[in-house]
Amino acid sequence: MSVGSAERVNRLLARLFQEPELLARLRADRERVFEEARLSEQECAALRDGSFRALERIGVHPVLRMHYQMAVNPDLANHVTIRDFLPRLRAERRDG
Amino acid sequence: MAEIVAAVATSHILMSPAGADEPAARVFDGMWRLGQHVQAARPDVIVVVSNDHMFNIGPEADAPFFVGCAASYVPFGEMDIPRDEYRGDAQFGLGLIEHCRRRGVAMEALGSLRPDHGIAVPLLFVNPDRAAAVVPLLVNHSRQQGVAAMECWYLGQLLGGYISAVAPASLRVALVGAGGLSHRVGYETMGVDERFDRDFLADFERGELARWREMSVEEIEAVAGNGGVEIMNWMMIAAALPGARASIVYYEAMPSWLTGMGGAVLRPHEGDGRSRVDDPA
């Protein structure tokens with residue numbers, strides 16, 4: 001899993017899930033967040049595109065590409081969850 | 001001397017079972033069986049060998065290994081993982097770091113950590129009542145140059161030696177190697193390589209891991225994807241238990257989860273009779 005050269009973008013994306021307020025602002029007004037992070041136009045365009053390929057082109061770390069998709073793609077966030085297994089985990093624990 | 005009373009290896013993710021209910025149920029069953037195996041051994045401490053997915057350890061971190069040395073851990077909580085608190089064992093973690101540093105392994109202590117799914121999902125199965133203390137041992141697969149399989153193997157040997165020779169007597173230790181199998185994170189062509197997975201599992205069961213620990217990061221990634229390097233987390237617990245006999249408990253290719261899902265038990269006392277681990281240094 002190699003780190004790309006786009007340090008500023010990587011640092012921004014690494015903060016998304018560590019700072020709930022930043023994540024909320026990204027979802028509400030991503031252009032403002034891009035501007036505050038002083039991203040280049042090329043970086044902004046790649047983030048607007050959001051595809052793995054576009055993120056790869058600007059050097060986003062593969063794991064952080066996944067973070068970004070989880071942040072902006074509700075379908076993916078609804079798929080990558082253990083939510084459906086929690087009732088059974090609770091039941092198994094209860095039954096020993 | 002302390003004793004390794006149980007050891008399991010397992011994939012460390014679950015996703016929505018939609019469209020794959022039966023294989024997903026088999027994965028859950030397999031993970032639960034692994035969990036029961038660990039629970040039955042009544043460990044005092046569970047060492048989980050896994051990796052952080054950049055929820056705690058950022059792209060700038062360069063150390064190959066990190067060890068949790070906190071008094072307690074609350075999961076990061078991504079993927080709707082419950083934020084239930086686990087006890088830590090800081091003394092065990094600090095002792096392990098000192099033991100390994102003296103033998104030339106670069107490790108960093110984490111005084112605080114919010115374990116992500118790499119640690120927290122296995123804990124839901126192996127430590128559901130949170131009775132055992134937890135020691136996270138994280139391999140920094142996300143750093144630019146990765147971590148060589150041979151380095152992981154050596155650290156696994158040191159881990160076994162630390163438990164045998166240094167950790168407090170009468171301590172009952174369980175090992176969990178968490179991650180894999182084949183998967184690609186962050187690429188358009190995310191997918192599972194079932195042949196890779198089954199080859200690795202067969203060799204893991206036979207205890208024939210020499211060719212795997214000699215593979216480079218690039219060689220593993222080329223076949224099994226950048227997430228496939230997590231098989232090193234499995235190899236570390238095998239290295240900690242020379243002579244143990246492995247049994248595969250479950251495998252599902254799980255294309256909808258983009259991950260080859262597998263799990264195994266290692267039985268320390270059913271191999272060649274050697275449960276004590278000699279210090280390689």
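Analyst: Let's begin with contacts: two residues are in contact if their C-beta atoms, placed from the backbone, lie within 7 Å. In chain B, among contacts between residues at least 6 apart in sequence, 83% join residues at least 24 apart. Keep in mind that this is a predicted model, where local features need pLDDT of at least 70, side-chain atom pairs count only at pLDDT 80 or more, and totals for chains, interfaces and linings use all residues. Residues are numbered from 1 along each chain as its sequence is written, while chains are lettered from A and ligands numbered from 1 in the order in which they are written.

User: What percentage of chain B is buried?

Analyst: A residue is buried if 20 or more other C-beta atoms lie within 10 Å of its own, exposed if 12 or fewer, and partly exposed in between, with C-beta atoms placed from the backbone. In chain B, buried residues make up 57% of the 281 residues.

User: Which strands does S1(B) pair with?

Analyst: Two strands pair if DSSP finds at least two bridges between them. S1(B) runs parallel to strand S8 (residues 172–178) of chain B, with seven bridges; there, B:Ala9 has B:Gly177 as its bridge partner. With strand S10 (residues 261–267) of chain B, S1(B) runs antiparallel over four bridges, and B:Ala7 stands opposite B:Leu266.

User: How many residues of chain B touch chain A?

Analyst: Here we use contacts again: 28 residues of chain B meet 27 residues of chain A. Helix H1 (21–40) and helix H3 (117–126) of chain B are the elements giving two or more residues to chain B's side.

User: And is A:Phe17 buried or partly exposed?

Analyst: A:Phe17 counts as partly exposed because it has 19 C-beta neighbours inside 10 Å. You'll find A:Phe17 in the loop between H1 and helix H2 (20–28) of chain A. Leaving out residues up to four places away in sequence, A:Phe17 touches A:Leu23 and A:His67, plus B:Phe55 and B:Glu78.
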